[in-house]
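User: I am new to this structure and would like to go through some of its features. Please take my questions one by one.

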Amino acid sequence: MRARSIGAAAATGLALVAARDLVQKKHALLRNFPLVGHARYVLETIGPELRQYIVTSNDEERPFSRDQRSWIYASAKGENNYVGFGTDNDIEHIQGHAYVKQRTFAGVLPDLRDPQAALPSAKVLGGPRGRAKAFRPASVINISAMSFGSLSGAAVTALNKGAALAGTMQNTGEGGLSPYHLNGGDLVFQIGTSYFGCRNEDGTFNLDKLKSIVEGAPVKAIEIKLSQGAKPGLGGMLPGVKVTDEIAGIRGIPAGKDCVSPSRHTAFHDVDSMLDFVELLATETGLPVGIKSAIGEMDFWEELATLMERGERGVDFVTVDGGEGGTGAAPLVFADSVSLPFRMGFSRVYGMFAERDLTDDITFIGSGKLGLPENAVVAFALGVDMINVGREAMLSIGCIQAQKCHTDKCPTGIATQNPWLARGIDASSKGIRAAMYLRTLRRELLTVSGAVGVPHPSLITPADIDILNGDYDARSLGSVYGYKDGWGSLGPELAHEIAELLTT
């Protein structure tokens, strides 16, 4: 009797759905095929997951393939991240694949048994310009700019705990300094176009608020964000559903309303005034000050390099964000078609400073899928001194590449402000995983550097890497990107200094 009642209720429910489908006018498919048409929408909803786990090959999916995600997951858990039975890449025919050229003999190399995998920067950040609080970053790998707001408080906490354990820095992102950033990790404070955390009521910049922030937190450097790879030339957007009372208080904005950042700064209006702003911040705080940008037109960079050549003013570091970056939600056209990919964009910017013999005076930071060993090695060979990892750091604390960052429905609680979803993150254990990933990546870079015969990845040169063009041609990395002799290499003094630091 009970089964019959349940069956009757189910039949009645299906009949009502069918009746609704027949009279509704929104979906032609359901109007013509009631009930059955719903199967299409179910498959459409779960299609990404089906393709991710069943349909695509190990090296096919984007933005991160299954092989790449598996390597990050295994590294974060301290598991075996080796592969067996050879590569499953079609290396004989892949166009544009980078291959590192190992050396038969080498000098003294670092001890790879160090559990911390210490790998400091080859350059002193702020040293060339004599900043009062110049320092040598303890890690060439640091956590990229991801704001509290775009990420949950639990995710920011986990990343900061991981940064503390691994001895790296975490960039706050443009959303201001939150309590979740204060779990032991050193910080780079990012200033965006809305000046969150250091703004007046009308949205303009407030120097006194900035000084108060950096004096009360472990801020090691200041980064002025001009643009980012996810949405270059477009202001940031935090949907109103993510603007909680807590976020509103930190940012100084109304709760529950869309938070739209301008696309341009108001504290300066050209390269000349930007350099004045940089020097003001450096003088008032003593900290190294740099800029972050995706790469589009080159007039800006040519003017910046020309003005810095005079030696009177200058940035301490330049963070180049590739167009393939993507921790921020963005319109599809911006994600796909605005700004240059990392390698092309960085090589053009580096060339502007190399032509003027300024590269030893600037710390170059790269971001945009560089948290994978093969991509990181190429970046260092092109002249990068440090790299920032964003999505890779998210994967290390549990991200499954659901690509729902812009919906506030992140199933792993990382890119959401939904308390029920965010509760899934145990910040302490995930912090350990983030630290394990960062250490493992450093160790991989040391291992590859050793194969090339040098003690530090900054000593890998463009001549040490070939770019394959199918099975019939290979060109050196330097020739592919138009590098001149000596470009991409440290000056003799810096090279000797970092080699001695790592091998004594």
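User: How many disulfides does a search of the whole structure find?

Analyst: This is a predicted model, in which local features need pLDDT of at least 70, side-chain atom pairs count only at pLDDT 80 or more, and totals for chains, interfaces and linings use all residues. Residues are numbered from 1 along each chain as its sequence is written, and side-chain values use heavy atoms, with hydrogens and water left out. A disulfide is a pair of cysteine sulfur atoms within 2.5 Å. For Cys410, the nearest cysteine sulfur, that of Cys399, is 6.4 Å away. Over the whole structure, the number of disulfides found is 0.

User: Is Cys198 buried or exposed?

Analyst: Buried means under 20% relative accessible area, exposed over 50%, and partly exposed in between (1.4 Å probe, protein chains only). The relative accessibility of Cys198 is 0%, so this residue counts as buried.

User: Which residues of helix H6 are exposed?

Analyst: Helices (H or I, at least four residues) and strands (E, at least two) are DSSP runs, numbered from the N terminus. In H6, residues 207–215, the buried residues are Leu210, Ile213 and Val214. On the other side of H6, the exposed residues are Asp208 and Glu215.

User: How many of the 13 residues of H11 are buried?

Analyst: Helix H11 covers residues 342–354. Among its buried residues are Phe342, Tyr350 and Met352. H11 is largely enclosed by the rest of the structure, because the buried residues number 10 of the 13.

Technical notes: Expected span 1.5 Å × (residues − 1).
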